[in-house]
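Here are my notes on the model, point by point. Have it open beside you as you read.

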Amino acid sequence: MDLNYTKEEQAFREEVHSFVRDNLPKDIAEKVLHHKRLVKDDWVRWQKILYKKGWVAPNWPKEYGGCAWTPIQQHIFEDECGYAGAPRVMPFGLVMVAPVIQNFGSKWQKEYFLPRILSSEDWWAQGYSEPGSGSDLASLKCKAVREGDHYIVNGQKTWTTLGQHADMIFCLVRTDSTVKKQEGISFLLIDMHSPGITVRPIITLDEEHEVNETFFDNVKVPAQNLVGEEGKGWTYAKFLLGHERTGIARVGESKRELEQLKKVAAKQLRNGKPLAEDPRFRDRITMVEVELMALEITLLRVLSSRSKPGPEASILKIKGTDIQQALTELTMDAMGPYALPFRPEARAADWHGEPVGPEYAGSAAAVYFNYRKTSIYGGSNEIQRNIISQMVLGL
Amino acid sequence: MDFIFSDEQQQLRDSLQRYIGKEYGFEARTAIMGSKSGYSDKVWAQFADMGLLGVAYAEAHGGFGGTAVDTMLVMTELGRGIVIEPYFSTVVLGGGLVDLAGSEAQKQAVLPKVVEGKLLLAAALGEPNSRHELNCVETSAKRDGAGFVLNGHKAVVLHGASANQLIVSARTAGSAREAKGISLFLVDANSAGVQVQGYRTIDGMRAAEIKLVNVKVGADSVLGPVDAALPVLERAADFAVSALCAEAVGAMEALNAATFEYLKTRQQFGRPIGSFQALQHRAVDMMIHCEQSRSMAYLASVKVQSQDANERKRTVSAAKIQIGRSGRAISQEAIQLHGGMGVSNELAAGHYAKRLAMINVTLGDVDHHCERFASAA
């Protein structure tokens with residue numbers, strides 16, 4: 001066992017570091033680092049830069065345009081990008097639906113969709129949750145009926161993240177109501193520009209438009225957009241969830257937020273001394289930092305132990321989101337009374353008004369409330385505990 | 001970077017695991033705990049035969065030239081079996097101090113005997129007022145001809161009553177909490193003026209209060225640099241802390257396994273209590289605590305060998321913080337989930353909890369290491 005990086009790994013980190021330093025647009029990094037509002041073009045621009053370099057899909061097999069990196073290299077890459085303030089690569093196409101298409105899709109689906117995902121030509125959204133189907137996802141009702149060479153889709157999806165930008169959505173739909181609920185689900189790729197689709201914003205606690213409700217009213221979907229077999233959608237969905245959970249640890253981003261928190265705490269004063277030197281506040285930061293150090297090694301252990309992430313990956317989701325939330329909480333607390341001013345207009349990149357309070361004051365509380373989502377999305381942390389309890393502990 | 005243990009390391013781990021499973025069961029352990037010395041000569045001799053007592057020392061000193069990772073593997077198995085033999089006090093902390101601070105002659109005089117199982121050591125570092133601070137030394141060492149005279153009170157010396165030789169920190173210069181002025185001495189436990197009051201500790205081990213009254217030692221008993229032993233003392237203590245973290249992980253694993261087994265077999269309301277979600281989620285949190293602790297024990301065992309003192313201190317302190325918090329959380333939950341059985345001294349679960357609690361207060365608790373972590377930034 002050796003937890004020091006090898007010379008090759010250090011050289012790789014250096015290579016990623018210089019590339020990100022030289023190619024990550026300053027205006028985008030500025031937004032990410034200061035919690036300003038990102039627009040669609042910010043994500044797409046960065047993804048296209050990575051695409052040109054051949055680094056946009058580290059998790060893909062080489063034959064499809066992936067990097068064939070070792071798990072350690074993938075971690076180094078995510079670590080460097082996250083730390084530098086690169087926006088998160090949108091996971092819906094590259095991380096989530098692509099592995100499903102690669103493993104279960106038709107020849108046509110692979111040839112048509114995968115290159116468009118790789119080049120960020122299509123923006124993807126996820127159509128899983130419904131108003132009545134959250135943690136009990138298999139109870140979903142959005143219905144697809146086969147009519148000739150089309151499916152007719154009726155129903156509703158919700159919590160569609162950034163669905164307002166989406167060109168495509170992958171949906172779990174019910175194709176059979178007469179069998180066991182898991183066996184009547186199919187996996188369908190739907191064009192978001194189809195007639196009959198309506199997207200309605202849901203405004204979150206930070207007054208941002210990040211999620212949506214998506215309505216399907218007699219939407220016609222070509223049958224060639226069905227992935228794999230009808231009725232096997234649940235199997236594909238479970239396959240996909242495993243892919244989502246490793247990235248969800250977000251170690252690099254948490255390291256960045258920890259650094260920012262320390263800077264904030266060094267500037268804020270308590271009894272005339274930097275808050276960072278106040279033992280009460282300092283120890284709260286230490287507790288999170290230690291958990292983050294441990295999580296990084298836990299992540300590397302999970303990545304190194306097997307080719308496909310197993311149920312242990314649920315640990316990464318639980319602990320990763322615990323840490324992300326704790327950091328937003330501490331950053332808000334560090335502001336003291338300046339956590340109160342709420343100025344959504346100040347989060348626009350082109351806003352040049354007079355700031356109120358310290359630099360972080362405008363966004364700390366908003367980010368804190370926004371991040372309550374992390375322990376709920378991607379399979380709530382309670383569902384993750386159910387998974388570990390059943391699959392790992394055998395309870 | 002890799003997480004792979006070599007064949008030799010796996011063999012070492014497996015053979016020790018088999019031995020403890022066969023020879024060091026709960027009843028055997030209870031019998032040893034009740035014996036006069038609190039450890040077993042027979043087991044100790046077998047440890048020597050298995051090569052366990054020289055894992056981390058150089059071959060030139062009778063050892064096997066292993067690293068802190070080898071020590072980690074051994075300590076994890078000792079933790080899994082809640083073994084109460086004086087391995088930590090003699091081999092890890094005592095032997096570690098001699099190995100890191102000693103002259104070649106001192107190493108030759110001490111380490112081969114330790115490896116053969118013929119010499120027990122104890123590190124007398126703490127004092128009634130020192131709490132966890134290694135630099136807080138009031139025991140004095142005054143020059144006396146070519147040698148020194150020691151006076152003072154060393155507190156909670158692990159296995160202090162059974163040790164043949166003591167490693168004593170004493171002040172040769174400076175005031176009580178000054179970093180400079182600390183020296184280490186290798187003292188024969190039989191020396192005139194060494195007064196030992198041995199007692200049991202709640203985790204089944206032994207410790208002692210040791211009073212030094214005009215104890216005369218020769219110049220050759222000085223271990224490491226005069227007046228400037230604190231850095232090497234901290235290094236040896238960090239090595240010992242990394243080993244304790246590994247021991248704690250073994251104890252956590254065993255305690256979790258026992259608890260999860262109990263959840264599967266204990267029936268109430270006509271079904272196993274492990275079928276209740278309120279308990280399942282707590283079990284999962286115990287498992288996560290153990291995995292995070294294992295990650296930190298791995299990291300500490302590697303970084304304790306770092307030449308960068310700040311990196312070493314930060315990582316080892318971080319590991320001790322994690323282990324302290326996780327050990328406490330797991331212990332309390334394990335007792336609670338065992339219900340009434342959890343508070344019975346007849347069940348192993350509580351004994352794991354006791355050991356984990358004592359590991360937390362050995363060589364610095366969570367608060368102590370939080371302070372140290374911040375100052376090594």
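1. Start with where the chains meet: 29 residues of chain B and 31 residues of chain A make the contact (two residues are in contact if their C-beta atoms, placed from the backbone, lie within 7 Å). On the chain B side, the elements giving two or more residues are α7 (230–265), α8 (277–303), α9 (309–337) and α11 (366–375). The largest share comes from α8(B), with 13 residues. By type, this side of chain B divides into 20 nonpolar, 6 polar and 3 charged residues. Here Ala, Val, Leu, Ile, Met, Phe, Trp, Tyr, Cys and Pro count as nonpolar, Asp, Glu, Lys and Arg as charged, and the others, Gly among them, as polar.

2. Some housekeeping: this is a predicted model, in which local features need pLDDT of at least 70 and side-chain atom pairs count only at pLDDT 80 or more, while totals for chains, interfaces and linings use all residues. Residues are numbered from 1 along each chain as its sequence is written, and chains are lettered from A and ligands numbered from 1 in the order in which they are written.

3. Chain A as a whole has 12 helices and 10 strands; helices (H or I, at least four residues) and strands (E, at least two) are DSSP runs, numbered from the N terminus. Its radius of gyration is 22 Å, close to the 21 Å that the globule rule gives for 395 residues, so chain A is as compact as a globular protein of that length. (That radius is taken over C-alpha atoms, and the rule is 2.2 Å times the number of residues to the power 0.38.) Buried residues account for 45% of the 395 in chain A. A residue is buried if 20 or more other C-beta atoms lie within 10 Å of its own, exposed if 12 or fewer, and partly exposed in between, with C-beta atoms placed from the backbone.

4. Take a look at strand β4 (residues 168–174) of chain A, where 7 of 7 residues are buried. In a regular strand the side chains alternate between the two faces of the sheet. In β4(A), one side carries Met168(A), Phe170(A), Leu172(A) and Arg174(A), the other Ile169(A), Cys171(A) and Val173(A), and all are buried. Strand β1 (residues 124–127) of chain A runs parallel to β4(A), joined by 4 bridges, with Ala125(A) opposite Ile169(A). Strand β5 (residues 185–191) of chain A pairs with β4(A) in the antiparallel sense over 7 bridges, and Leu172(A) stands opposite Phe187(A) there. Pairing needs at least two DSSP bridges between the strands.

5. Back to chain B, whose domain assignment gives domain 1 (7–119), domain 2 (123–227) and domain 3 (231–375); such bounds come from an automatic or database domain assignment. Between domains 1 and 2 of chain B, 16 residues of domain 1 are in contact with 14 residues of domain 2. Helix α5 (residues 87–101) of chain B gives the largest share of the domain 1 side, 7 residues. That side has 10 nonpolar, 6 polar and no charged residues.

6. Where does Leu363(B) sit? Its place is the loop between α10 (348–360) and α11 of chain B. Leu363(B) counts as buried because it has 24 C-beta neighbours inside 10 Å. Not counting residues up to four places away in sequence, Leu363(B) touches His132(B), Ala237(B), Ala240(B), Val241(B) and Leu244(B). Leu363(B) and Leu244(B) are 119 residues apart in sequence, yet 9.2 Å apart in space, C-alpha to C-alpha.
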